[in-house]
Structure formats: structure tokens, C-alpha cells
Amino acid sequence: MTHRLRAGMVGGGAGANIGVAHRYAMRLDDRYELVAGVFGRDAIAALAFARDLGLDEQRIYADYEQMAESETRRPDGVEVVVVATPNDSHFAIAKAFLEHGVSVLCEKPLTTDSASAAELVRIAQAHGAVLAVAHVYSAYAMVRQAARMVRDGEIGNVRFIDVEHASGWASTLLESTGHKQASWRTDPAVGGRLSVVADLGTHAHHLARYVTGLEVRAVSAQLDTLVPGRQIFDNATVQLRWSGDVPGRLWASMAAAGHSHGLRLRVFGDRGNVEWSHQDPDQLIVQDLECRTTILSQGVPSLATDSRRLDRVGLGHAEGFIEAFANLYGDVADELLARRERRPSTIRELSFPTGVDGLKGLEFIEAVGVSGGAGGAWVSLGEVGEEAT
Ligand SMILES: NC(=O)c1ccc[n+]([C@@H]2O[C@H](COP(=O)([O-])OP(=O)(O)OC[C@H]3O[C@@H](n4cnc5c(N)ncnc54)[C@H](O)[C@@H]3O)[C@@H](O)[C@H]2O)c1
């Protein structure tokens, strides 16, 4: 298929968590072909892993610098690279490809600080490359429906936003057991002291921004370590002031014992509210002033085009995480192909998260850190990057 995009991957090797979801998502709509990569830091294990994926041996690399150099010299080099490594390496890897004009789909958080995130945004713009960030939850069909309804005023003027990503995945001292993902996420040098905000808080922050179209203007945060012996904050309770002076709250936790994934958004307007939960992702709960409750289901023909265009199997057939990832990949593919064929941009109002969204996530993390360190004092966020959206 000539339209397939030539993709590379850094990270996502044997035993890795999220890399496999990226590979499924690439294949689901058959718009990408994985042709090159660095599948881990252990070169021998990475080679064996890539062979199993069926990659050409010439295009299995020992490190991302070698990959960037070699791939950009090839006439059939990669057009987009997925960065699925731990957070502290995102910047260097993304930069190496963006500087060569290769687009990047980077895992979140985009980098470890706002200055480097802003630098990636600048580099991508200067080299005409797409920089996307894998805040995958905004690619669920019913999140797109919520966004369309809220942005079109169907619940009236937004009055309050309540969002939480309160997961229970690390409710015990998992890092002491050698658990791969817990080990780096609870290491302040890799995941940062604010790891729970970077890991889960940024998803909640992005979800609320995406659905409402509002921006966080100020935060007052309380940071806690709920699991004794842990080296990072594993729980953040944040009060928010959104644009338009809309109040809200955000709870990010990796120690909400008994919760599986724990992502939920509620937006209250002056005419009702919408609620979306990752637990039942193909539903959107809508309530009006009379407390009448309507449950909208994915695939219903009367839903907004933004939602309907993401259906694959139709009403009554559940779609989930892999499909949401594929929706994100689909939006990115539309734009990459438009650029390849020199057509106008395909980026819609409700499209994929960009580097600017990643940058805003970093600004949010930093503001939460400052506020938490100052006993919950209100800290304002700048309007950096908004002109570039
Ligand atoms: N979007 C989401 O929903 C979502 C979900 C989970 C994780 N993530 C993000 O994905 C990233 C990876 O998380 P994970 O849980 O998959 O981690 P992981 O530890 O399971 O996997 C990381 C992989 O990267 C490899 N790696 C590390 N440094 C490398 C380097 N320099 N070059 C090549 N490979 C390297 C490791 O060997 C491993 O294969 C993180 O940034 C995380 O925040 C996002």
C-alpha cells in the first residue's frame, strides 16, 4: 500500500508496557508500516525482539542517534518516529529526529521541563515536522462527543470542572519488588519527584482542556506520599482556576487502592453536565437541569461527526484503548499524508494532541510543584505557547 507511512520506534522492547499498544494502533487501520527501531537499551535483546517483529536487520539500531543518522540518509527512511521510552529520554530522542525533519509521536509527558518542551515545539516548527503527544484519552469517540457538546454550549456556560486520574496501580511499595514500570516511575531521577502529576495528572489535565477548550490559569496544590518508603509524591490534590475564572479540581493518584485505572471527567455547565469515565469509555452520561439522565452510546447515528467518524464496528460493539490509540494514529496519519502530498493541513478543532499540548502539560506540572512546595499557595500559569496552537 503506497499510502502507508514509514514508521520507526524507540523504546517499546521486550517487557515494555505501552510500546505494544502503539504497534497495534499502527496496524489497526493499516496506515503505518513499522520499518526501523531501537527496541531497548540492551542491544542484543533489542535485536532479537526486532527480528521477531520481522524488521529488516539493516534497520534495527543500537541507539537512536545512529538510527536518526542512517534513516535520514535513506530515500525510504522513516517519516515518523514513536518515542516510547521513560520520560527522561524523550527530549534527546525527539530532538534527534525532529532536527532532521522527521515527525515524532512522543509519549507523555513530552519532556521533563517546560523549557525543553518549548524547544521541541520550536524545532518541530522550524523543520516542518509534526510533533504529536500520546494523550490518547482525547481520542476516544465519546470524549470527542463530550468535547463537541461542551464546546457547542449544550450544557450552557461551564461552571465547574472535576477531573481525576486516581489509579490504584501502585498502592503498595511495588518498586521494592523489582517491578519494571514502578522502578523508574518512583525514581526521582527518572520520573521526577512529581511523577504522579507527570504520569497521570497530565492525562487528566489534557482531558479537561480538550473537552472544555479552557486553559488552567492558576493552581493550588497539595502533594503527598501515601505509600510509606516511597521516594516520590504519589498523590496530588489540586484546586484549579480555569480561563473565564471557572473553578475546578484535579486529583492524580497512583495509590488510590482498589481503583483500576481511575480516569473520570465531569464538566458542569449552567444547563447541565456531562460525565465520561474510562471504566465505560463507550458511554457519555448527560444530565439536564431537571436531573434527567441520558446515556449516549458510541455508534448512535445522531452523535456529532467528530465522534461518528471514529466508529469502526458500529453501535453495540465495544471499542476501547487500542481503538482510541488507533484514532490518535489516524489523525496523525491524515496530517502526515497531507504534508507528504503537499495538501492543506487536515488538523481539525478536535484532533490529535500536539507539542503545544505537551508543553502545557509541563507548565502544569511545574506550577503544581511550586504550589505544593509553598504549602498550597496559588501559582499562576503563563499563556506560553497558546499563540502557536
Ligand atoms: N499514553 C499512555 O496512555 C501511556 C501509558 C503508559 C506509559 N506511557 C508513557 O510511555 C513511556 C514508556 O512507559 P512504559 O510504561 O512503556 O515504560 P517501560 O519501562 O515499560 O518501557 C520502556 C521501554 O523503553 C526502553 N528504553 C529505555 N531507554 C531507551 C533508550 N534510550 N533507547 C531505546 N529504548 C529505551 C526500555 O528498554 C523499554 O523497552 C513513558 O513516558 C510513559 O509515561 C503512556
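## Before you start

This is a predicted model, where local features need pLDDT of at least 70 and side-chain atom pairs count only at pLDDT 80 or more, while totals for chains, interfaces and linings use all residues. Residues are numbered from 1 along each chain as its sequence is written, and side-chain values use heavy atoms, with hydrogens and water left out.

## Exercise 1

Find which residues come nearest to the ligand, and which polar side-chain atoms lie by its oxygen atoms.

Step 1. Now look for polar contacts, which are pairs of N or O atoms within 3.5 Å. A polar side-chain atom of Gln181 is 2.5 Å from a ligand oxygen atom. For Asn87 the distance to an oxygen atom of the ligand is 2.7 Å, and for Arg185 it is 3.1 Å.

Step 2. Check the cover: the ligand taken alone exposes 850 Å², of which the protein buries 92%. These areas come from the Shrake-Rupley method with a 1.4 Å probe.

## Exercise 2

Describe the shell around the ligand by class and by element.

Step 1. Sort by class: eleven residues are nonpolar, ten polar and six charged. Gly counts as polar here.

Step 2. Sort by element, using DSSP runs (helices H or I of at least four residues, strands E of at least two). Strand S1 (5-11), helix H7 (180-185) and helix H8 (195-212) each give two or more residues, and H7 gives the most, with four.

## Exercise 3

Which peptide bond is cis, and where does its proline lie?

Step 1. The bond from Lys108 to Pro109 is cis, with omega near -15 degrees.

Step 2. Pro109 lies in the loop between strand S4 (103-106) and helix H5 (114-126).

Technical notes. Polar contact = N/O pair within 3.5 Å; in protein donor to acceptor, adjacent residues only side chain to side chain.
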